[in-house]
Amino acid sequence: MSSPPILPISVTSLYKSSIASPALREFASRSSDSLRRAFARRRPWTELADHTAFSRPDNLAVAASRVRKNASYFRVNYLTVVAAVLAFSLLSHPFSLLTLVSLLAAWLLLYVFRHQEHPVVVYGRTFSDAETLGVLIALTVIVFFLTSVGSLLLWAALVGSAIVCVHGAFRVPEDLFLDDQEQMGSGLFSYVGGAASSAAVAAAPSVVISRA
């Protein structure tokens, strides 16, 4: 008698099933459109680095006010700077990058975009959604707290945030900044949230059908 395969549902079948998911296609489409719209709102980098607009703040209150105004005006540029610092940190540590990508792939393939009719089976044992979620959460905790990935991301985020705060404190905001500001609920985060919501709506019919 031949031994049962480790994963009766192969990685290839899970991948094809995820790609065919309407939720994944909708999420990818909306996310791509969101990023294009968000980056279309970025300010010119020459404006960000204009040395004539820099001056030392008189006190902490002035510095905090500048950071708040500049963060609203340069928010896409600042997010790009933080993302660049994170990317540089991960690229400098290939093992951490590979670990993080593998963890993300596990979440996407085994839980987020996996169809209900394709359960995870290991050594002949079928794992429920709750069990799969529990394993993924435990794996995430292990990766972030028992490896160098968590500390690397934390330090990179702190460095990126420090760069943003220093720039925002010394960059003198002009009056036109206030006229050109948009609502804080708009922009990059609202588009990403809209993409996730649309993906959840697209996934709902398939879940209902599979449980009927």
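What percentage of the 212 residues in the protein is buried? Buried residues make up 29%. Keep in mind on this tour that the model is predicted.

**Whole chain**

Start with a cartoon view. Count 10 helices and two strands. Trace the elements from the N terminus: the order is α-α-α-α-α-α-β-β-α-α-α-α. The accessible area of the protein is about 13300 Å², and carbon and sulfur atoms account for 70% of it.

**The ring cluster**

Select Y73, F74 and Y78. Ring pairs connect these three residues into a cluster. How many aromatic pairs are there? The count is two. Take Y73 and F74 to begin with. Their ring centres lie 4.9 Å apart, with 85° between the planes, and the pair is edge-to-face. Y73 is at 6% relative accessible area, so Y73 is buried. F74 is buried too, at 0%.

Move to F74 and Y78. Here the centres are 6.0 Å apart and the planes stand at 50°. Why is this pair tilted? Stacked needs planes under 30 degrees apart and edge-to-face needs over 60, so an angle of 50° makes the F74 and Y78 pair tilted. Y78 has a relative accessible area of 7%, and is therefore buried.

**Over the face of Y73**

R43 sits over the face of the Y73 ring, 4.0 Å from the ring centre.

**H167 in helix 8**

Next, select H167. Its place is in helix 8, which spans 148–170. Is H167 buried or exposed? H167 is buried, because its relative accessible area is 15% and the cut-off for buried is under 20%. Which residues does H167 touch, leaving out those up to four places away in sequence? Show L48, F54, N70 and Y78 to see these contacts. Y78 brings you back to the ring cluster.

**The nonpolar patch**

Finish on the outside. Select I137, V141, I142, F145 and L146. Together they form a nonpolar patch on the surface, with about 540 Å² of accessible area. Zoom in on L146. This residue is in the loop between helix 7 (129–145) and helix 8 (148–170). L146 has a relative accessible area of 68%. Exposed means over 50%, so L146 counts as exposed.

Methods:
Residues numbered from 1 in each chain as written. Predicted model: local features only at pLDDT ≥ 70, side-chain atom pairs only at ≥ 80, totals over all residues. Heavy atoms only, no water. Phe/Tyr/Trp six-rings, centres within 6.5 Å; stacked < 30°, edge-to-face > 60°. Buried < 20%, exposed > 50% of the residue type's maximum accessible area, 1.4 Å probe, protein only. Lys NZ or Arg CZ within 6 Å of the ring centre and 35° of its normal. Patch = residues over 30% accessible without salt bridge, like charges linked within 9 Å, V, L, I, M, F, W, Y side chains within 5 Å. Areas by Shrake-Rupley, 256 points an atom, 1.4 Å probe, with all protein chains shown as cover. Salt bridge = Lys/Arg side-chain N within 4 Å of Asp/Glu carboxyl O. Helix = DSSP H or I, 4+ residues; strand = E, 2+ residues; numbered from the N terminus. Contact = heavy atoms within 4.5 Å.
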